[in-house]
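Here are some notes for a colleague opening this structure for the first time. Please read them with the model on screen.

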Amino acid sequence: MEKNIIHFNKFYKKFNILSLFLILISLILLTFKGLNYGVDFKGGTLIELRSLDNTLSISNLRKSFNNLNLGDVTVKKFGKENDYVIKFEKKQSIEENFIENIKVELRNEIGNVFEFRRVESVGPKVSSELLKSGIIAIALSLGAMLIYIWIRFEWQFSIGAIAAVFHDVLITLGFFSLLNFEINLSIVAAVLTIVGYSMNDTVVIFDRVRENLKKYSDIKIFEITNISINETLSRTIITSATTLLALLSIFIFGGAILKGFSFAMILGVIVGTYSSIYIANPILVRLNVSQSTILKEEKE
Amino acid sequence: MLYFSKLKIISVLIFTIIVSFFTISNFINIDNKFFKRNINLGLDLQGGSYLLLEIDNKPVIVQKLQNKLSSLKKFLSDNDIRSTNFKIIDDKKISFTIDDESIDKVLSLLSDKESEINPYFQRFKTHEFDVEKTKVLSSSNITLQFSEYGLVQLKTSSQNQAIEIVRRRVDEIGTNEPNILKRGNDRILVELPGLENPDRIKSLLGKTANLTFRFVTLNEEESFGTEKIPFEDGTEAIISKRIILSGDNLVDAQPRMDNQTNQTVVTFNLDRVGAKKFARATSSGVGKRLAIILDGKIISAPNISEPIVGGAGQITGDFTFQSATDLALLLRSGALPAPMKIIEERTVGPGLGQDSINAGILSLVIGFILVVLFMIVKYKIFGFIANITLVTNLFLLIGVLTLFEATLTLPGIAGIILTVGMAVDANVLIYERIKEEIKGENNRIIAFDSGYVKSKTTILDANITTLIAAVILFILGSGPVKGFALTLGVGILTTLFSVYFIARLLTALYVIKNKDKEKLI
């Protein structure tokens, strides 16, 4: 055993209370405030507009769009100077030439000093289908991981791993709700990757816990988990660090479109690393995992 | 695990070189179809338009029910069955009433597997229509409704017709390499790479282009019935329901400038049947007005001054040259079986696409440099080995994507960068394990070996979990997100390959040479 061992297990209780508290807040936020769904999931239209006229102000642009009778319009800056994102819900289905009409009317309002860099229009039927398939994707991947862990480990371990993943997904979503962060298709991808990453991180520690359980018959699980966390700690830190370096690079240099995606992942990697230590392991302790848990399984 | 046979080394090298070669093939010119491959750039990177169209099959269903109703009437009277009270309910069902004595006969005629009036689909084991009967006093009420597969059959056939028409219209406009695919049984996906402004194509795809020639009538009690149809300007005319000629009979249509009137017109040519019909109708109808109706609106209703017998004619109207060109195009490519709506549109301009590529490459390069520096600082010589592995990994990843000519999207680039960050994990797990093993083992080669052996299950477990997420995302995700899942998933496979073959080989070579060094790792 190492000399300078960190006693993670001393803080199991305190951090569990903190996690429970965060989960509770997340649930409250998700129930009462909800998520800020983007065009993909809510339906409507998004236009990324670049202004070629430096004097055009955001309030001017907002006023012009409000004059077009598109209902509730939001206009925001997006990435670089002079880039804007305009979003609105359109109740009727998309008419073939409605984007063209907007261009023509906008030209009348502010002159021909803009270009549409991106247009996304999603009808209500498609958006509800996308939302459904997003939820199915997340549920399926959680289910598949549960089964995988179940096959590879004992059931106590799979409960620990799944609890950690649920913890991560809930808290990440809670954060999104708190920050009013826009949820679009790429966020589903980010959440799924978080699920994979968190699971990956938990599995590494669990593998070590299992190995140590076999090795030491006289050490309690409370200590075993701590030894295992310490033994894998430098790996945990290094991998989190390189992953975060890559993600930070996307966040800073990857352009405005990937900002939300990489932010979600950064959040997820941090929460996922924390939960492997402070959610997955305390559950093994609580479920009284011992050497006989593993040996029984092997006999069968 | 540190021993490699010569054969293994050679095959690993050959495999790596071949796959990596495909990465390079993206950037050089090779005059060979097999070796010259390119990663496809997604619409979000090269710019272009993604349109999802939905066919509104309601009119088709109503039309089919009407046809079925008249053939049913005839069928029953041919079989000497008295039936009354035919009607179509809710645009969904045919309903009619028969006497009780003939009920068994009718039901058996409708549910016979050889039935002509209600065909049996062997493949789906169901009839075209579900038949239901309800008793009303001394007679019975029978309703026919499309069965589940009857409806599928109908939708599939209108989708097949529609996709053909869509293809023709898109081809006529001449964009490069359009991608037109079926989605479900009532949707069509159109991908138009490089198209800067999809407005024209959208307005062309949104038109049914149902063209008919019918007489304007003053007599409202015509035997075929009449209806009021508006002109473009909103005024209405009473039009006979008798169709003289429809767009089906057109073989060509072109925009022209009429030299006499200086107006833009659309000239058309008819097939033989159409020419005959047209000649007959115009001979008998001299002096009448002939309305040219497109999608429920009258384009124009000129006077017939003389019979038109040559099988060619022209449509006048309030055209600009552009609208005449579009009308001619629509007429040439034919009418859609049913109206279509655009239910999803995603368009990215070429400027944004290029910006995204630049930002993606910049963040890849910076992310890569950061990870490489980190590994060198942390592991020195072994960090260097891990970095060589990382470079190889990147070449393999892009090589595999190129080999299969996969589509690279912006989130796909993010997946590659993420792979760079996570790929070192396997090597880190191994090196950390070796550090532990080396403490209790004097023979360093054995320590290295057991480091590899003992970390193996962990590495597999850890990578399989991420792979599961990637596979599910690939199956269920759409568009750009699918691209992310693809690079992430392929990245895991190339990572495992490069760690277990390339990094292990390099490590083995180094360790065997330097096994007596003071501080090895």
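1. Some terms come first. Two strands pair if DSSP finds at least two bridges between them. Helices (H or I, at least four residues) and strands (E, at least two) are DSSP runs, numbered from the N terminus. This is a predicted model, in which local features need pLDDT of at least 70, side-chain atom pairs count only at pLDDT 80 or more, and totals for chains, interfaces and linings use all residues. Residues are numbered from 1 along each chain as its sequence is written, while chains are lettered from A and ligands numbered from 1 in the order in which they are written.

2. On confidence, the predictor assigns the complex an ipTM of 0.89 and a pTM of 0.85. The average pLDDT (the predictor's confidence in each residue, from 0 to 100) of chain B is 88, and 99% of its residues score at least 70.

3. Chain B has twelve helices and 21 strands. An automatic or database domain assignment sets the bounds of domain 1 (6-47 + 350-513), domain 2 (58-151) and domain 3 (211-339). Over C-alpha atoms, the centres of domain 1 and domain 2 of chain B are 63 Å apart.

4. The C-alpha trace of chain B spans about 110 × 70 × 40 Å along its principal axes.

5. One open sheet in chain B has three strands in the order 15-16-19, paired antiparallel. Strand 15 (250-258) and strand 19 (312-315) of chain B are at the edges with a single partner strand each, so one side of each has no neighbour in the sheet. Eight bridges link strand 15 of chain B to strand 16 (residues 263-270) of chain B. Among the residues involved, Asp252(B) has Asn269(B) as its bridge partner.

6. Which strand of chain B does strand 5 of chain A run antiparallel to? Strand 5 of chain A is joined by five bridges to strand 20 (residues 340-348) of chain B, where Thr347(B) is the bridge partner of Val119(A). Within chain A, strand 5 also runs antiparallel to strand 2 (residues 44-51), with eight bridges; there Thr45(A) has Ser121(A) as its bridge partner.

7. Eight of the nine residues of strand 5 (residues 114-122) of chain A are buried, so the strand is largely enclosed by the rest of the structure. A residue is buried if 20 or more other C-beta atoms, placed from the backbone, lie within 10 Å of its own.

Terms used
Buried ≥ 20, exposed ≤ 12 C-beta atoms within 10 Å, placed from the backbone.
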